[in-house]
Every structure is written in C-alpha cells, then in structure tokens.
Amino acid sequence: MKIIQILPRIEGCGVTRFVCEMNTALKAIGVDVTVATFVSDSKSVDMKMRYGSSVPGIVTWDYTDDVINEINSADFVFIHSLMDVKADEKYKTAFKDMIIKKITSKKVLFVNDRKMMSIRTYYGDWTQDKDFVESIDFFCMFSSNT
C-alpha cells in the first residue's frame, strides 16, 4: 500500500506531531509512505527550517504534473491540514485546485481542530465550498463539534 501525507506547511504544533507519529506507525507496518509540504508563503519556509527535521523524510513539492502523477500513484492521500487563510492567494488557489481537480487517489481529510470557529478562523471558507467538500472521500474528525 502507498500513502502520501500532505500538508501546506509544517505547523510546528500538534498537527506536525500527529503527522510524525502516523508516518512512523505506517512505516513500521510496511506501508510506502511519504510526507510532503507545499510552499504557501515565506513563513512556510521558516517553519520547515525550524520543525522540518522532526518529520521523517519530509519533501517539499510544487504543483507540477510530475508531482500530481506521484500523488495519484498512491492508494490514499492523507490531507492533514488546509492552506491557511493568510497564505498568498496564488498558493491557496493552487492547493485547492490540486485537491478538487487533480488528485484522483482516495482523499482523507484529517480535521484536527475541535471547533468550527477555529476551522473558519484558520482556513476560511473551505468548509462552505461544496466542490471541495464533495471532492473528499473520507473525513477523520476528533470531536463531535466539527
């Protein structure tokens, strides 16, 4: 089995730790797994420098056809976070377009925030975008509030 874990940037918080632990566990049972970030703004570069070494084998990808083909070669794509509302518009658009229109593998969105207010504050209108919501195959939530 092949799984690709993606997130727009290293957060330096609980999401990063969750990704690390899941990555280690998946590798331990023989899953071919990759963790990838996508440049979202200058802060994403800084956060990767600060926390990236704690994520085993992390790579930074762009939105090329080769990257999309690599993602689509996976059985599952685990989306661990969404593009921050404060990110540059071009990166938000590219990330959202990739998820909705280009990724054909089964997509699992992990909703780590436990309150809808937090989700809207950090990620904006993603939860209100019908095309986005319908493009996700599975949702993994950790609270009945989400």
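Q: What share of the 146 residues in the protein is buried?
A: Buried residues make up 47% of the 146. Here buried means under 20% relative accessible area, exposed means over 50%, and partly exposed is in between, with a 1.4 Å probe and protein chains only.

Q: And what sort of model am I looking at?
A: A predicted one: local features need pLDDT of at least 70 and side-chain atom pairs count only at pLDDT 80 or more, while totals for chains, interfaces and linings use all residues. Residues are numbered from 1 along each chain as its sequence is written, and side-chain values use heavy atoms, with hydrogens and water left out.

Q: How many helices and strands does the protein have?
A: Six helices and six strands. Those are DSSP runs numbered from the N terminus, with helices being H or I of at least four residues and strands being E of at least two.

Q: What order do the elements run in?
A: From the N terminus on, it goes β-α-β-α-β-α-β-α-β-α-α-β.

Q: Of the contacts between residues at least 6 apart in sequence, how many join residues at least 24 apart?
A: That comes to 78%. A contact is heavy atoms within 4.5 Å.

Q: Let's do helix 4. How far does it reach from its first C-alpha to its last?
A: Helix 4 has 14 residues and spans 18 Å, close to the 20 Å expected at 1.5 Å a residue. The expected span is 1.5 Å times one less than the number of residues.

Q: Which of its residues are buried?
A: In helix 4 those are Lys92, Phe95, Lys96, Met98 and Ile99. They sit on the same side of helix 4, because they cover an arc of only 150° around the axis. The arc is taken from the directions from the helix axis to the C-beta atoms.

Q: What do those buried residues pack against?
A: Strand 1 (2-7), strand 2 (32-38), helix 3 (65-72), strand 4 (76-79), strand 5 and helix 6.

Q: And which exposed residues are on the face turned away from the buried side?
A: On that face of helix 4 you find Glu89, Lys90 and Lys101.

Q: What does Glu89 form a salt bridge with?
A: Lys92, with the closest N and O atoms 3.3 Å apart. A salt bridge means a side-chain nitrogen of Lys or Arg within 4 Å of a carboxyl oxygen of Asp or Glu. Glu89 and Lys92 are three residues apart in helix 4, so about one helical turn separates them. Glu89 is exposed at 53% relative accessible area, whereas Lys92 is buried at 15%.

Q: How many salt bridges does the structure hold?
A: Seven. Another one of them pairs Lys102 with Asp97, with the closest N and O atoms 3.6 Å apart. Lys102 is partly exposed at 34%, and Asp97 is partly exposed at 22%.

Q: What about Lys130 and Glu134?
A: Their side chains meet in a salt bridge at 4.0 Å, N to O. Lys130 is exposed at 58%. Lys130 and Glu134 are four residues apart in helix 6 (residues 130-135), so about one helical turn lies between them. Glu134 counts as exposed, at 56% relative accessibility.

Q: Which residues do salt bridges with shared partners join into one network?
A: Asp97, Lys101 and Lys102.

Q: Switching topic: where does Ser105 lie?
A: Ser105 is in the loop between helix 4 (89-102) and strand 5 (106-111). At 6% relative accessibility, Ser105 counts as buried.

Q: Which backbone oxygen does its side chain reach at 2.7 Å?
A: For Ser105 that is the backbone oxygen of Ala74. The backbone oxygen of Asn72 also lies 3.2 Å from a polar atom of the Ser105 side chain.

Q: What else is Ser105 in contact with?
A: Leaving aside neighbours within four places in sequence, Ser105 has contacts that include Ile71, Ser73, Asp75, Val77 and Asp137.

Q: Where is Asn112 found?
A: In the loop between strand 5 and helix 5 (116-123). Asn112 is buried, at 16% relative accessibility. Not counting residues up to four places away in sequence, Asn112 touches Val15, Phe18, His80 and Phe142.

Q: And how far apart are Asn112 and Ser81?
A: They are 31 residues apart in sequence and 7.8 Å apart in space, C-alpha to C-alpha.

Conventions. A polar contact is a pair of N or O atoms within 3.5 Å; within protein, one must be able to donate a hydrogen and the other to accept it, and residues adjacent in sequence count only if both atoms are side-chain atoms.
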